[in-house]
Amino acid sequence: MVHRFEDFVSLINTAYKDIQKIKSYEVKELGLKSSHVMCMFYLGQNENGLTANQLCEKCKEDKAAISRNLKYLAEKGYVTVAEDETRKYKLCNVLTDEGREAYAKLEVLISNSVERFSRGLSNKEREAFQKYLGKIIENFDNFFEEKEKADK
């Protein structure tokens, strides 16, 4: 049991660190850091933009991190706030033209990385891995929900 725990945590930590390294390496040419990748990705996937809260949910980041990322991306000219007279709060962040160009390059980098790091796995094996990892994460989420209920 202890070895399963040790192996699991070690593999997850190593994978996370490697993902962060590859994100940093791949996006350096765009003037981005690994922390900006998921914001750019989700904004690129949502032409109408996303609120900061929506980005928090999608990126699994806290408000402070998303706020820093959006500030940096705005300073780079990649992101702006959509003007909407009907909404004073919860404004959407959208990619600028320059941001869409960067996103197009990012999409190619992501696609190439996924292909490169999936080598040696069949589609069936990759799908099974994602299914199993998703189930483990679901079990973690259920654990934390139960703990929160018990603490109330």
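Lys60 sits out in the open: its relative accessible area is 70%, well past the 50% cut-off, so Lys60 counts as exposed. You'll find Lys60 in the loop between α3 and α4, and this is a predicted model, so keep that in mind as you read on. The backbone at Lys60 is worth a look too, with a positive phi near 60° in a residue that isn't glycine.

**The chain as a whole**

- Six helices and two strands make up the secondary structure of the chain.
- Starting at the N terminus, the order of elements is α-α-α-α-β-β-α-α.
- The chain has 152 residues, and 25% of them are buried.
- Take the contacts between residues at least 6 apart in sequence: 52% of these link residues at least 24 apart.

- The buried residues in α3 are Leu55, Cys56 and Cys59.
- Look down the axis of α3 and those buried residues fall within an arc of 105°, so they line one face of the helix.
- What they pack against is α2 and α4.
- Just after α3 comes Lys60, with its positive phi of about 60°.

**The largest nonpolar core**

- This core has 22 residues, and the ones touching the most other members are Met40, Leu55 and Tyr78.
- Four helices each put in at least two residues: α2 (34-45), α3 (52-59), α4 (63-75) and α5 (97-117).
- Helix α2 is the top contributor to this core, giving five residues.

**The largest pocket**

- The volume of the largest pocket comes to about 2100 Å³.
- Its lining is built from 48 residues, and those nearest the centre are Ala15, Tyr16, Ile19, Lys23 and Leu133.
- Two or more lining residues come from each of α1 (2-27), α2, α3, α4, α5 and α6 (123-151).
- Helix α1 has the largest share of that lining, at 12 residues.
- By residue type, the lining splits into 30 nonpolar, eight polar and 10 charged.

- Ser34 belongs to helix α2.
- With a relative accessible area of 12%, Ser34 falls under the 20% cut-off and so counts as buried.
- Beyond its neighbours within four places in sequence, Ser34 touches Gln20, Lys23, Ser24 and Val27.
- One of those partners, Lys23, also turns up among the residues nearest the centre of the largest pocket.
- Glu26 is part of helix α1.
- The relative accessibility of Glu26 is 11%, which is under 20%, so this residue is buried as well.
- Again leaving out neighbours within four places in sequence, Glu26 is in contact with Leu109, Ser113 and Arg116.
- Between Glu26 and Val37 there are 11 places in sequence, and their C-alpha atoms are 9.8 Å apart in space.

Conventions:
Residues are numbered from 1 along each chain as its sequence is written. This is a predicted model: local features need pLDDT of at least 70, side-chain atom pairs count only at pLDDT 80 or more; totals for chains, interfaces and linings use all residues. Side-chain values use heavy atoms; hydrogens and water are left out. A nonpolar core is a set of buried Ala, Val, Leu, Ile, Met, Phe, Trp, Tyr and Cys residues joined through side-chain atoms within 4.5 Å. Buried means under 20% relative accessible area, exposed over 50%, partly exposed in between (1.4 Å probe, protein chains only). Contact means heavy atoms within 4.5 Å. On a 1 Å grid over the protein atoms alone, a cavity is a set of points where a 1.4 Å probe fits but cannot get out, and a pocket is an open set with protein on both sides within 12 Å along at least five of seven lines; lining residues have an atom within 4 Å of a point. Grid points are joined across faces, edges and corners, and a volume is the space filled by probe spheres set on the points. Ala, Val, Leu, Ile, Met, Phe, Trp, Tyr, Cys and Pro count as nonpolar, Asp, Glu, Lys and Arg as charged, and the others, Gly among them, as polar. The arc is that of the directions from the helix axis to the C-beta atoms.
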